[in-house]
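Please look through the structure below and keep it in view while reading. The paragraphs that follow go through it part by part.

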Amino acid sequence: MSPAWLERAALHYLERYSASTEMLRRTLARRVEKRARLRGEDPAPFAELIAATVARAVSAGLVDDARFTDTRLATLRRRGTSSRGASAKLAAKGIPRNVVEAALQAEREALPDGEAIDDQAARAYAKRRRLGPYRRPDLRATYRDRDLAALARAGFSYDLARRVVDGDIKDPMDPR
């Protein structure tokens with residue numbers, strides 16, 4: 001394992017995936033550990049090589065936590081992820097808390113009504129999972145509590161979940 005091998009591994013990974021600094025570090029550490037295990041070596045001496053490779057990727061602009069956070073947050077919102085859920089998922093990707101909070105704050109400031117972000121996300125989640133107004137009308141009352149619970153588990157407040165489940169479809173382009 002040489003610095004060139006680690007750099008090729010990093011570039012190969014970054015060609016395929018958008019990654020945070022921590023994701024790249026974890027991936028390289030797994031690769032080094034696997035290769036060291038196969039060769040009967042100790043992976044600990046390669047920690048400095050991993051750190052240097054990650055630092056080169058960051059300085060070259062191949063890895064940018066803020067850019068990754070912004071794009072991942074937009075993707076999560078389209079899928080209907082709440083602010084709490086998005087924060088947890090980004091933290092699991094190794095994004096520092098201050099970067100996540102800055103991205104969430106920028107998202108709130110970009111829209112005139114910051115509360116509408118979670119409302120739109122809750123409606124997107126309900127539509128994707130066919131909850132509340134997106135459920136068949138004859139089953140809607142029967143599954144109301146389940147739908148509320150699903151939205152609560154997704155990280156939405158009870159008040160917002162109740163508004164979405166008891167509300168009507170707001171999308172004029174929806175055929176229903």
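Does Glu 107 count as buried or exposed? Glu 107 counts as buried, because its relative accessibility is 17% and the cut-off for buried is under 20%. This is a value computed from a predicted model, as are the others below.

Glu 107 has a charged partner. It forms a salt bridge with Arg 77, and the closest N and O atoms of the two are 3.1 Å apart. The two residues come from distant parts of the chain: Glu 107 is in helix α6 and Arg 77 is in helix α4, 30 residues apart. Arg 77 also counts as buried, because its relative accessibility is 10%. Side chains of opposite charge can pair when their charged atoms come close.

Arg 77 has a salt bridge with Asp 118 as well, where the closest N and O atoms are 2.9 Å apart. Asp 118 belongs to helix α7 and Arg 77 to helix α4, so this pair ties together parts that are 41 residues apart in sequence. Asp 118 counts as partly exposed, because its relative accessibility is 22%. Arg 77 therefore has a salt bridge to Glu 107 and another to Asp 118, and its own relative accessibility of 10% counts as buried.

Another salt bridge joins Arg 144 and Asp 166, with 2.9 Å between the closest N and O atoms. Arg 144 lies in helix α8 and Asp 166 in helix α9 (residues 158-166), so the pair ties together parts that are 22 residues apart in sequence. Arg 144 is partly exposed, with a relative accessible area of 26%, and Asp 166, at 41% relative accessibility, also counts as partly exposed. Elsewhere, salt bridges with shared partners join Asp 119, Arg 123, Asp 159, Arg 162 and Arg 163 into one network. In the whole structure, a search finds 15 salt bridges.

Gly 132 is 12 residues from Arg 144 in sequence, and their C-alpha atoms are 6.7 Å apart. Gly 132 sits in the loop between α7 and α8 (144-153). Gly 132 counts as buried, because its relative accessibility is 0%. Not counting residues up to four places away in sequence, Gly 132 touches Arg 140, Asp 147 and Val 165.

The next topic is the nonpolar side chains. The largest nonpolar core has 27 residues, and the members that touch the most others are Leu 14, Leu 24, Leu 28 and Val 32. Two or more residues of this core come from each of α1 (3-16), α2 (21-39), α3, α4 (65-79), α5 (83-92) and α6 (97-110). The largest share, 6 residues, is from α1. Leu 14, with its neighbours within four places left aside, is in contact with Ala 19, Leu 24, Ala 57, Leu 62 and Val 63. Another core lies apart from this one and has 15 residues, including Ala 122, Ala 126, Ala 150 and Val 164.

How far can the coordinates be read? The mean pLDDT of the protein is 86, and 94% of the residues reach 70 or more. Confidence is highest in helix α3 (residues 47-59), at a mean of 91, and lowest in helix α7 (residues 116-129), at 85. Over residues 172-176, pLDDT stays under 50, and the model has 8 contacts for them beyond four places in sequence. Where pLDDT is low, the predicted coordinates should not be read in detail.

Note on methods
Residues are numbered from 1 along each chain as its sequence is written. This is a predicted model: local features need pLDDT of at least 70, side-chain atom pairs count only at pLDDT 80 or more; totals for chains, interfaces and linings use all residues. Side-chain values use heavy atoms; hydrogens and water are left out. pLDDT is the predictor's confidence in each residue, from 0 to 100. Helices (H or I, at least four residues) and strands (E, at least two) are DSSP runs, numbered from the N terminus. Contact means heavy atoms within 4.5 Å. Buried means under 20% relative accessible area, exposed over 50%, partly exposed in between (1.4 Å probe, protein chains only). A nonpolar core is a set of buried Ala, Val, Leu, Ile, Met, Phe, Trp, Tyr and Cys residues joined through side-chain atoms within 4.5 Å. A salt bridge is a side-chain nitrogen of Lys or Arg within 4 Å of a carboxyl oxygen of Asp or Glu.
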